[in-house]
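Please read them beside the sequence and the coordinates.

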Amino acid sequence: MNESGYRSVPHTADLRIEAWAPTRDECIAQAVHGAVASFADISAAGPVRVRTRRLAADGDEDLLVAVLDEVVYLLDAAGEVPVDVAVDSGAGTAEVRFSMVDAATVAQVGAVPKAVSLHGLRLGRGPDGWSCSVTLDV
């Protein structure tokens, strides 16, 4: 698989994101892009600041949840939306660089996520690359 992407999938009242990419880190970044695209139009936004976080995780799925939880936290606590994200992970930890913009400067196009659901969570490597599925409570 040489391409990356994401899509939103109709899923009751919640938001389901499916993402794919050649690497685990890129797949997680695509899931973040999918989550952000579900609630904000960032097409014309440029980053104002970069926030770097070191996150710990016991496994692939835990890392996906930790990164998305950080997005929800930054949106709720700091009022910021990531316009880009870069994930650089190793054994049990990841450094995540969020390029952020103030939420008040972008158009809201959907419900803002409140939490990451563990139901139906999946991140794994297949013959064509990495893929994940995650549900966000809105």
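1. Thr 135 belongs to strand S9 (residues 129–137). Helices (H or I, at least four residues) and strands (E, at least two) are DSSP runs, numbered from the N terminus.

2. On the basis of these notes: this is a predicted model, in which local features need pLDDT of at least 70 and side-chain atom pairs count only at pLDDT 80 or more, while totals for chains, interfaces and linings use all residues. Residues are numbered from 1 along each chain as its sequence is written, and side-chain values use heavy atoms, with hydrogens and water left out.

3. Is Thr 135 buried or exposed? Thr 135 counts as buried because its relative accessibility is 2%; the cut-offs are under 20% relative accessible area for buried, over 50% for exposed, and partly exposed in between (1.4 Å probe, protein chains only). Ser 133 is also found in S9, and Ser 133 counts as buried at 4% relative accessibility. Contact means heavy atoms within 4.5 Å. Leaving aside neighbours within four places in sequence, Ser 133 is in contact with Arg 16, Ile 17, Glu 18, Gly 120, Leu 121 and Arg 122.

4. Next, strand pairing, for which DSSP must find at least two bridges between the two strands. Strand S6 (residues 93–102) pairs with strand S4 (residues 49–56) in the antiparallel sense, over 8 bridges. In that pairing, Arg 53 stands opposite Val 96 in S6. Strand S5 (residues 80–89) also runs antiparallel to S6, and 9 bridges join them. Here Ser 89 stands opposite Ala 94. The hairpin of S5 and S6 has 3 residues between the strands, and Gly 92 takes a positive phi near 80 degrees in it.

5. Which residues have the most contacts inside the largest nonpolar core? They are Leu 64, Val 67, Leu 68, Val 81, Val 96 and Phe 98, in a core of 42 residues. Such a core is a set of buried Ala, Val, Leu, Ile, Met, Phe, Trp, Tyr and Cys residues joined through side-chain atoms within 4.5 Å. At least two residues of this core come from each of strand S2 (14–21), H1, H2, S5, S6, strand S8 (115–126) and S9. H2 gives the most to this core, with 9 residues. In soluble globular proteins, nonpolar side chains tend to be buried together.

6. On the helices: helix H1 (residues 24–39) has 16 residues and spans 24 Å from its first C-alpha to its last, close to the expected 22 Å. The expected span is 1.5 Å times one less than the number of residues. H1 is mostly covered, with 13 of its 16 residues buried. Asp 62 is found in helix H2 (residues 60–78) and is partly exposed, with a relative accessible area of 38%. Between Asp 62 and Ala 111 there are 24 Å in space, C-alpha to C-alpha, and the two are 49 residues apart in sequence.

7. A search of the whole structure finds 9 salt bridges, each a side-chain nitrogen of Lys or Arg within 4 Å of a carboxyl oxygen of Asp or Glu. One of them joins Arg 7 and Glu 18 at 2.6 Å, N to O. This pair links distant parts of the chain, with Arg 7 in strand S1 (residues 5–11) and Glu 18 in S2, 11 residues apart. Arg 7 is partly exposed at 47% relative accessibility, and Glu 18 is partly exposed at 21%.

8. Another salt bridge joins Glu 80 and Arg 51 at 2.5 Å, N to O. Glu 80 lies in S5 and Arg 51 in S4, so the pair ties together parts that are 29 residues apart in sequence. Glu 80 is buried, with a relative accessible area of 3%, whereas Arg 51 is partly exposed at 26%. A network of salt bridges links Arg 49, Arg 51, Glu 80 and Asp 102.
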